[in-house]
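Trainee: I have the sequence and the model on my screen now, and I'd like to go through them with you. Please take it slowly and start with the overall picture.

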Amino acid sequence: MTTISTHRTSSVPAAESAANPASPSVTPAKFLDMYRGAIAAAVDADGDGQISRAEYAAQIAGAGGSDTDARWHALDADGDGKVGTAEFAKTVADPFGNERDALLRRILDELRAGQGAVQPRGQVLDAAGGVADPHATLRWLAASFPGNIPY
């Protein structure tokens with residue numbers, strides 16, 4: 001299991017911090033991979049491990065977009081009409097940018113403040129093929145792994 005937490009600066013020794021779940025200090029080493037995988041799984045509407053052109057186009061159309069040809073051809077490099085979810089996941093933009101710690105703190109604060117954490121399903125891409133609401137997916141990931149966040 002991958003654990004997720006915020007980076008914190010404190011004089012609390014690491015052993016004490018690890019023993020006290022109210023003071024998390026684990027870094028998000030695999031968090032980006034989990035995020036990308038969750039988005040790819042949501043785009044794969046039939047759950048077969050392959051994203052078809054129709055599944056991808058449905059995401060774009062559902063967000064009000066229309067022209068998916070150039071984006072689809074970039075995704076489907078071998079032209080077989082489908083893209084594996086692992087391959088698609090590699091194309092999902094990093095939601096953190098250079099602000100990983102700050103964004104994770106914000107996500108944890110949102111969860112503690114009562115904002116929802118729902119597994120990404122259905123419409124997850126925007127009209128340009130990007131993730132429509134990365135924070136919702138990040139909140140779901142942070143909240144869905146036991147022991148990650150004290151509530």
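Mentor: Before the overall picture, one term: contact here means heavy atoms within 4.5 Å. Please also keep in mind that this is a predicted model.

Trainee: Let's go inside then. What's in the largest nonpolar core?

Mentor: That core has 31 residues, and those with the most contacts inside it are F31, Y35, I39, Y56 and F88. Two or more residues each are given to this core by α2 (31–43), α3, α4, α5, α6 (100–112) and α7 (134–144), and the largest share, 9 residues, comes from α2. As general background, nonpolar side chains in soluble globular proteins tend to be buried together.

Trainee: You mentioned I39. What does it touch?

Mentor: If residues up to four places away in sequence are not counted, I39 touches F88, V92, V124, L125, V131 and T137.

Trainee: I see some rings packed around Y56 too. How many aromatic pairs does the structure hold?

Mentor: It holds 2 aromatic pairs. In one of them, the rings of Y56 and W72 have centres 5.8 Å apart and planes at 40°, so this pair is tilted. The pair links distant parts of the chain, with Y56 in helix α3 (residues 53–62) and W72 in helix α4 (residues 69–75), 16 residues apart, and both Y56 and W72 are buried.

Trainee: And why does the pair of Y56 and F88 count as edge-to-face?

Mentor: The ring centres of Y56 and F88 are 6.3 Å apart and their planes are at 70°, so the pair is edge-to-face, given that an angle over 60 degrees is the cut-off for that label. This pair also links distant parts of the chain, since F88 sits in helix α5 (residues 85–89), 32 residues from Y56 in helix α3. Y56 and F88 are both buried, and Y56, W72 and F88 together form one aromatic cluster.

Trainee: Back to α3 itself, which of its residues are buried?

Mentor: They are E55, Y56, Q59 and I60. These residues cover an arc of only 135° around the axis, which puts them on the same side of α3, and what covers them includes α2, β1 (50–52), α4 and α5. The face turned away from that buried side carries the exposed residues A54 and G62, and just after α3 comes G64, which takes a positive phi of about 95°.

Trainee: Switching topic: is E110 buried or exposed?

Mentor: E110, which is found in helix α6, has 10% relative accessibility and so counts as buried. Its side chain makes a polar contact of 3.4 Å with the side chain of H135 and a polar contact of 2.7 Å with the side chain of R139.

Trainee: Where does R139 lie, and what else does it meet?

Mentor: R139 lies in helix α7, and with a relative accessible area of 10% this residue is buried as well. A polar atom of the R139 side chain lies 2.7 Å from the backbone oxygen of G116. Leaving aside neighbours within four places in sequence, the contacts of R139 are I107, E110, L111, Q115, G116 and A117.

Trainee: Last one for today: where is D80 found?

Mentor: D80 is in the loop between α4 and β2 (82–84), and at 41% relative accessibility D80 counts as partly exposed. A polar atom of the D80 side chain lies 3.1 Å from the backbone nitrogen of K82. D80 is also 28 residues from S52 in sequence, while the two lie 9.4 Å apart in space, C-alpha to C-alpha.

Methods
Residues are numbered from 1 along each chain as its sequence is written. This is a predicted model: local features need pLDDT of at least 70, side-chain atom pairs count only at pLDDT 80 or more; totals for chains, interfaces and linings use all residues. Side-chain values use heavy atoms; hydrogens and water are left out. Rings of Phe, Tyr and Trp (its six-membered ring) pair if their centres lie within 6.5 Å; planes under 30 degrees apart count as stacked, over 60 as edge-to-face and the rest as tilted. Helices (H or I, at least four residues) and strands (E, at least two) are DSSP runs, numbered from the N terminus. Buried means under 20% relative accessible area, exposed over 50%, partly exposed in between (1.4 Å probe, protein chains only). A nonpolar core is a set of buried Ala, Val, Leu, Ile, Met, Phe, Trp, Tyr and Cys residues joined through side-chain atoms within 4.5 Å. A polar contact is a pair of N or O atoms within 3.5 Å; within protein, one must be able to donate a hydrogen and the other to accept it, and residues adjacent in sequence count only if both atoms are side-chain atoms. The arc is that of the directions from the helix axis to the C-beta atoms.
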